[in-house]
2 protein chains.
Amino acid sequence: MGKRPGGRSARVRDAVRQATLTELAEHGYSGLTVENVAIRSGVHKTTVYRRWGSAEGLIADALELAREEPWPLPDTGSLREDLREIAGLVRSGFADPVAGPISAAFVSAAVQSTGPAQALHDFFAARHEQAAEVVRRAVARGELPADTDVADVIRTAVAPIYYRLFITHEPVTERDAERAADAALAAARAGVLHS
Amino acid sequence: MGKRPGGRSARVRDAVRQATLTELAEHGYSGLTVENVAIRSGVHKTTVYRRWGSAEGLIADALELAREEPWPLPDTGSLREDLREIAGLVRSGFADPVAGPISAAFVSAAVQSTGPAQALHDFFAARHEQAAEVVRRAVARGELPADTDVADVIRTAVAPIYYRLFITHEPVTERDAERAADAALAAARAGVLHS
């Protein structure tokens, strides 16, 4: 029998995913175990082991589900404002007391293990593709050169936020996020971010 | 008796540091133990425990020593070339089969533990300060606005490299590094990176 979306299999997957996210929020990647996720989700431990295998598998599956979720794409009519909103969402997401530690745990898992690294790679490929729509619109409006690498404008707009959070361990203010967005816009306008 | 630089204490510290770097290169942060560093360095285990305490302490001390090391600051007379060289050094450093895994282990340790995070923060503060000299010279030459945030030009020039390596897990080509440097220059010229 195939797995039906919305059927028992999907409900089990969602319960395990919710438990994974809660465990990540509370204990981080180093505290994530199949055992605790089984207890919290109410799904039998042998089922969790069989389908997800390990903490790595739980992370990869949670990221796969996250990738498919709708994401609030700004459409202000101005690329400057759209990029500032995207950078602002990244900043505020990590500053959020619930969502922040979960996202940070994904990043931490990915620097430690190849499974989560691949899953995070795929997650960001999807996010870049979605977010690049604001840049495509700006190209269509004639705001940017036609050969602009649209995904690279997104990378450039958010990279300094991640750099401060996960590399240099510096605070990230709203102004830092705006400035990252404005820098990406200036670079794109100057024709530096061409494909 | 005080500790003399170059004396027995400094030699022990250097032996422990070399052993720490070699262990990091071979086993990463998760494989770094006081026990193995003691064996490899030939320093007695109780001494390593007493002075460094843990893997976190070993990482923090190795970063403190790295911070004080001379660093090849480019001076080509052109900010574009200087920034490209800096971005290129970051890229090639991580691509190096020996130095790359060690640097990556520092990043990994810092996302997992607060001690290494503080040490890496201090390391980057020193590196930004050193590297910003190329931007200060460009300001003095009149290439950039006088109110340019010189450290932020450096952050902007290298952030996309770290973003690809440690967040999105994408490859980093020489062209990606050049483009990151050029984007920072365009943003600085546009006056976006002001203090």
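Which residues of helix α8 (residues 133-140) of chain A are buried? They are Val134(A), Val135(A) and Ala138(A), where buried means under 20% relative accessible area, exposed over 50% and partly exposed in between, with a 1.4 Å probe and protein chains only. This is a predicted model, in which local features need pLDDT of at least 70, side-chain atom pairs count only at pLDDT 80 or more, and totals for chains, interfaces and linings use all residues. Residues are numbered from 1 along each chain as its sequence is written, chains are lettered from A and ligands numbered from 1 in the order in which they are written, and side-chain values use heavy atoms, with hydrogens and water left out.

**Helix α8 of chain A**
- Helices are DSSP runs (H or I, at least four residues), numbered from the N terminus.
- Seen down the axis of α8(A), its buried residues fall within an arc of 100°, so they line one face of the helix; the arc is that of the directions from the helix axis to the C-beta atoms.
- The cover over these buried residues includes α5 (79-95), α7 (114-131) and α9 of chain A, contact meaning heavy atoms within 4.5 Å.
- Just after α8(A), Gly142(A) takes a positive phi of about 85°.

**Two copies**
- Chain B is superposed on chain A by a rotation of 180° with 0.0 Å of shift along its axis (RMSD 0.0 Å), using least squares on the C-alpha atoms of residues with pLDDT of at least 70 in both.
- The two copies are thus related as by a two-fold rotation axis.
- The same surface serves both copies, since 100% of the contact residues of chain B recur in chain A.

**Aromatic pairs between the chains**
- Over all chains, the whole structure holds 14 aromatic pairs, meaning rings of Phe, Tyr and Trp (its six-membered ring) with centres within 6.5 Å, counted as stacked if the planes are under 30 degrees apart, edge-to-face if over 60 and tilted for the rest.
- The rings of Phe124(A) and Tyr163(B) have centres 6.0 Å apart and planes at 80°, so this pair is edge-to-face.
- Because Phe124(A) lies in helix α7 of chain A and Tyr163(B) in helix α9 (residues 150-168) of chain B, the pair joins two chains.
- Phe124(A) is buried, with a relative accessible area of 7%, and Tyr163(B) is buried at 2%.

**Arg155(A)**
- Arg155(A), in helix α9 (residues 150-168) of chain A, is buried, with a relative accessible area of 12%.
- Its residue contacts include His128(A), Tyr163(B) and Arg164(B).

Key: Lists of a residue's contacts leave out its neighbours within four places in sequence.
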